[in-house]
Amino acid sequence: GLGPFKAFADASSKVWFTQGWKNKLAGGFTCSGAMSGDKFSTLMYFMTLSQQHGMLWVGLGMLPSSEPGDPDTQNRLGAYAGVMAQAGNVPADQEPPQGDLDTAHAYGARIATFARRIAAG
């Protein structure tokens with residue numbers, strides 16, 4: 001659940017007063033057992049917090065899979081705001097499925113690209 005993250009968000013108020021995270025990159029990912037699992041709401045919570053801090057949110061930048069739900073395809077859940085993964089239908093050593101892991105790796109590479117651009121000035 002969001003319990004630990006909510007505690008983190010509440011504790012970030014000290015940083016908010018100094019705008020210590022302003023213009024820093026932010027992004028998010030979420031995983032739940034259900035195909036929906038309110039993943040969009042979770043990403044919107046993360047995004048809202050980042051915007052309150054003046055951060056730069058990095059979206060997924062990937063079109064939805066042409067094979068929705070296929071566990072081997074990237075962005076099979078059709079996300080735009082960040083990575084959405086689903087686990088719970090296969091043995092624990094196979095979760096999340098490869099397509100979701102590949103989506104997460106591509107998202108990490110995207111964020112790294114933006115971080116390099118910002119660092120280069």
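**Figure 1. Residue Q86 is buried in this predicted model, with a relative accessible area of 5%.** The cut-off for a buried residue is under 20% relative accessible area. Q86 belongs to strand β4. The side chain of Q86 forms a polar contact of 3.1 Å with the side chain of R76.

**Figure 2. The surroundings of Q86 include residues beyond its neighbours within four places in sequence.** When those neighbours are left aside, the residues in contact with Q86 are C31, S32, G33, A34, M35, K39, R76, L77, P96, P97 and D100.

**Figure 3. The largest nonpolar core contains 13 residues.** Within this core, L43, W57, L60 and Y107 touch the most other members. Helix α3 and strand β4 (83-86) are the elements that give two or more residues to the core. In soluble globular proteins, nonpolar side chains tend to be buried together.

**Figure 4. L60, a member of the largest nonpolar core, is shown with its contacts.** Apart from neighbours within four places in sequence, the contacts of L60 are N75, A79, Y80, A81, G82, V83, T103, Y107 and R110. One of these, Y107, is also among the core residues that touch the most other members.

**Figure 5. Helices α1 and α3 meet through residues of both helices.** The axes of α1 (residues 3-11) and α3 (residues 39-52) come within 11 Å and cross at roughly 10 degrees. Angles under 35 degrees count as roughly parallel, and α1 and α3 are therefore roughly parallel to each other. On the α1 side, F5, K6, F8 and A9 take part, and they meet Y45, F46 and L49 of α3. By class, this contact has six nonpolar residues, one charged residue and no polar residues.

Definitions and conventions:
Residues numbered from 1 in each chain as written. Predicted model: local features only at pLDDT ≥ 70, side-chain atom pairs only at ≥ 80, totals over all residues. Heavy atoms only, no water. Axes fitted to C-alpha atoms, helices over the stretch in contact; angles between N-to-C directions. Helix = DSSP H or I, 4+ residues; strand = E, 2+ residues; numbered from the N terminus. Parallel < 35°, antiparallel > 145°, perpendicular 65-115°, else oblique. Contact = heavy atoms within 4.5 Å. Nonpolar A, V, L, I, M, F, W, Y, C, P; charged D, E, K, R; others polar. Core = buried A, V, L, I, M, F, W, Y, C linked by side-chain atoms within 4.5 Å. Buried < 20%, exposed > 50% of the residue type's maximum accessible area, 1.4 Å probe, protein only. Polar contact = N/O pair within 3.5 Å; in protein donor to acceptor, adjacent residues only side chain to side chain.
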